[in-house]
Amino acid sequence: MTAAARPLDIGAMAKEAGLTAFVVLMLAIVLVGYEIRDVPGAIALFTRFPDVFAACLIAFVGRVAVILLREGYRDAVMIGAGVAAFALLIGLLPETLFGTETATRLANRFMPFEAPIVRWCVFAAALFLAVRAAVGRRKLKVEDLKAREAAADRAGARVQHIARYAGPALGAAALALPVLFGSDQQAMSVAILVMTYIMLGWGLNIVVGLAGLLDLGYVAFYAVGAYTFALLATTEGIEWSFWLCLPLAGALAGLVGVLLGFPVLRLRGDYLAIVTLGFGEIIRVVIQNWYGFTNGANGISAIPRPTLLGLSWDEEPPAGQTAFHQWFSQNFWPVEYSPTHEKIYLFYIILALALVVNWFALRARRMPIGRAWEALREDEIACRSLGINPTNTKLTAFGVGAMFGGFAGSFFATSQGFVSPESFVFIESAIILAIVVLGGFGSQLGVVLAALLLIGLPEAFREVKDFRMLAFGLAMVGIMLWRPAGLLAHRDPTVRLKAAGKRAKP
Amino acid sequence: MSETLLEVEHLTIRFGGLVAVNDVSFAAEDRRITAVIGPNGAGKTTVFNCLTGFYKPTVGCMRLLHTATGREFLLERMEGFRIAAQARVARTFQNIRLFPKMTVLENLIVAQHNRLMRASGYTVLGLFGYEGYRRAEAAAIDRARYWLDRTGLTDRADAAAEGLPYGGQRRLEIARAMCTEPVLLCLDEPAAGLNPRESEELNALLRFIKTEHKIGVLLIEHDMSVVMEISDHIIVLDYGRKIADGTPEQIRNDPAVIRAYLGEPEEAA
């Protein structure tokens with residue numbers, strides 16, 4: 001025991017650890033305790049109560065260790081956590097390395113959880129505690145926090161500087177992506193999904209990052225865009241093509257944005273967030289219940305895919321149309337039909353759309369309207385005193401953001417071939433907002449990183465998708481603790497005096 | 001000679017049962033510094049908020065005349081941001097309101113929003129690099145540089161406004177207001193929190209604005225070294241009423257003003 005150790009209050013300790021275990025119990029009963037599985041012909045409810053019990057026990061012991069650490073019993077924690085980590089390592093390693101049945105049985109004896117990754121998480125926690133106890137910890141002071149913030153800003157500035165080269169490099173990488181992974185349909189699907197979210201993130205970034213209007217209902221405009229295209233393309237007698245509908249869908253979503261904006265934008269901050277959240281839900285509920293117009297919860301299916309200058313991507317094109325592979329084989333060299341051709345085409349469409357949004361956002365920041373957005377975010381009253389019309393300025397931000405959401409929505413409809421209200425639930429808005437917050441308000445490169453992290457990684461690790469939301473929450477908490485302004489939070493001036501050159505006032 | 005720029009008649013502002021400003025009439029002249037003084041709570045800032053459209057007066061009329069063009073504006077009928085954009089009344093705030101995360105230069109460029117907005121074809125032309133917008137932006141930067149030089153902020157132009165020392169923030173707010181090219185500049189306690197040397201610089205700046213830019217200045221101030229030295233005309237408010245109106249010399253010797261500031265003599269009470 002170290003000299004700094006304070007006498008222990010067993011009662012208080014048990015209370016604190018017990019409370020933690022109780023919270024874990026309440027969460028775990030719903031999240032872990034019950035599981036719905038597909039059995040042949042039906043679904044069945046399974047219980048996993050040993051897992052719940054184990055989770056509570058681990059939380060209790062872990063909390064006790066944290067308390068001991070806090071009270072200065074470093075050696076005890078180090079030895080305890082170290083032994084636990086070592087034991088877990090011996091128990092778990094054989095299964096991961098050899099995967100034999102004996103090894104699995106051995107691992108099961110150590111811990112009830114089924115997924116190896118969860119077991120390894122427990123091991124990581126024990127190891128972390130042991131290392132923490134061994135290294136010791138400096139108390140954080142306010143100055144440290146300030147310094148950390150400044151360091152984060154410097155890092156952001158550096159990245160922003162690199163972004164000048166990294167941006168085009170990333171763009172080139174995106175262009176080359178289909179060449180590298182073009183044959184892998186799964187990879188292309190993930191790439192399209194990530195790209196869609198990048199576009200949505202960039203669109204929302206205009207509203208939230210630049211204009212500072214917290215919009216929790218962004219998915220509503222995505223839905224308007226998707227349904228505009230779905231309805232126009234499938235209604236008999238209209239059946240317009242994707243390229244004709246795309247600007248229409250954007251315009252309509254923008255119009256809806258402006259209409260919603262009128263009554264809403266006099267609100268600020270939290271109030272605005274709540275009302276936009278409500279509007280997002282209203283749009284979804286209307287779509288769900290307006291059966292005659294939108295086909296309700298059944299959604300709209302058989303939405304046509306986009307064509308390349310009239311060339312279809314089907315293996316057997318409908319009468320009067322030519323398929324891409326037929327045309328290509330006739331004019332260049334023979335190609336086999338492949339479903340990935342269409343994926344590659346879709347990827348390039350969404351890439352182009354996203355780049356348009358990016359171009360607009362970067363350009364608009366240097367326009368008077370972009371500066372007015374930022375000024376409005378900083379101080380609305382000062383803006384009014386300078387003759388800036390706050391309503392119009394906010395409405396343009398809202399409308400432009402909504403328009404880009406509509407573009408993305410109409411792309412979503414054509415790439416999926418099917419839309420239903422289920423695709424436009426609140427969690428989608430939350431994910432898009434999380435991408436913007438995680439990336440750093442106003443940072444274009446940050447949105448790309450965050451979309452890769454939040455959308456790409458979970459898609460890549462589909463097998464552990466039960467724990468996706470947990471990891472998601474953990475990431476958000478981590479960001480709020482260590483980088484409250486986002487991964488790449490740094491504001492570059494839109495204009496500099498030094499670079500503007502010296503000129504005398506006439 | 002100077003002409004009447006602003007005429008306020010029978011201005012009354014009630015908040016529920018509270019009469020903040022009660023039947024105040026005064027005039028401010030072009031190329032003159034008019035000061036509004038009075039004890040705390042006398043209604044000075046309320047008058048300012050009314051002039052700049054943040055409050056609507058309960059009763060009264062506020063007429064602004066552009067002496068160059070002869071156009072007349074009835075301020076009480078205009079929306080807040082239009083008073084700044086069309087009637088060209090600029091103001092500063094008692095508790096400084098800058099755009100803290102934006103740079104000093106950007107603060108001054110934002111102030112020229114409406115002109116730049118027109119030059120950029122309401123953003124559409126500007127997005128595609130329209131030449132006229134580039135020229136307009138260069139001109140805006142030149143105007144900003146002029147005021148930066150005047151307020152001694154040129155060295156800090158590319159730093160965030162929140163990093164400026166207090167006096168610098170005050171000067172930046174005045175520079176920002178001047179970048180809107182106003183005909184009437186309303187300053188709400190510009191010398192609050194300044195040290196004597198900075199007050200001296202402020203006096204020089206305000207005199208410069210008055211003589212070189214030939215605009216009217218309306219000033220709320222508690223610092224008498226500023227008020228008495230630079231004002232051409234002083235209006236005194238107390239409990240929402242105007243109690244005196246005249247030159248600094250007249251105000252200094254006005255019994256009503258002395259009473260308001262120093263209280264009634266014991267025997268008269």
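Domain bounds here come from an automatic or database domain assignment. For chain B, that assignment gives domain 1 (1-88 + 187-269) and domain 2 (98-181). The model is predicted: local features need pLDDT of at least 70 and side-chain atom pairs count only at pLDDT 80 or more, while totals for chains, interfaces and linings use all residues. Residues are numbered from 1 along each chain as its sequence is written, and chains are lettered from A and ligands numbered from 1 in the order in which they are written.

**The two domains of chain B**

- The C-alpha centres of domain 1 and domain 2 of chain B lie 27 Å apart.
- Contact (C-beta atoms, placed from the backbone, within 7 Å) links 10 residues of domain 1 of chain B with 10 residues of domain 2 of chain B.
- On the domain 1 side, α2 (80-85) and α8 (196-212) of chain B each supply at least two residues; helices are DSSP runs of H or I with at least four residues, numbered from the N terminus.
- α8(B) gives the most to that side, with 3 residues.

**A helix pair in chain A**

- Helices α7 (residues 185-210) and α16 (residues 390-416) of chain A pack at about 170°, their axes 8 Å apart; axes are lines fitted to C-alpha atoms over the stretch in contact, and angles run from 0 to 180 degrees between N-to-C directions.
- α7(A) and α16(A) are therefore roughly antiparallel, a term for angles over 145 degrees.
- Among the contact residues are Met199(A) and Leu200(A) of α7(A), and Phe404(A) and Phe411(A) of α16(A).

Key. Parallel < 35°, antiparallel > 145°, perpendicular 65-115°, else oblique. Contact = placed C-beta atoms within 7 Å.
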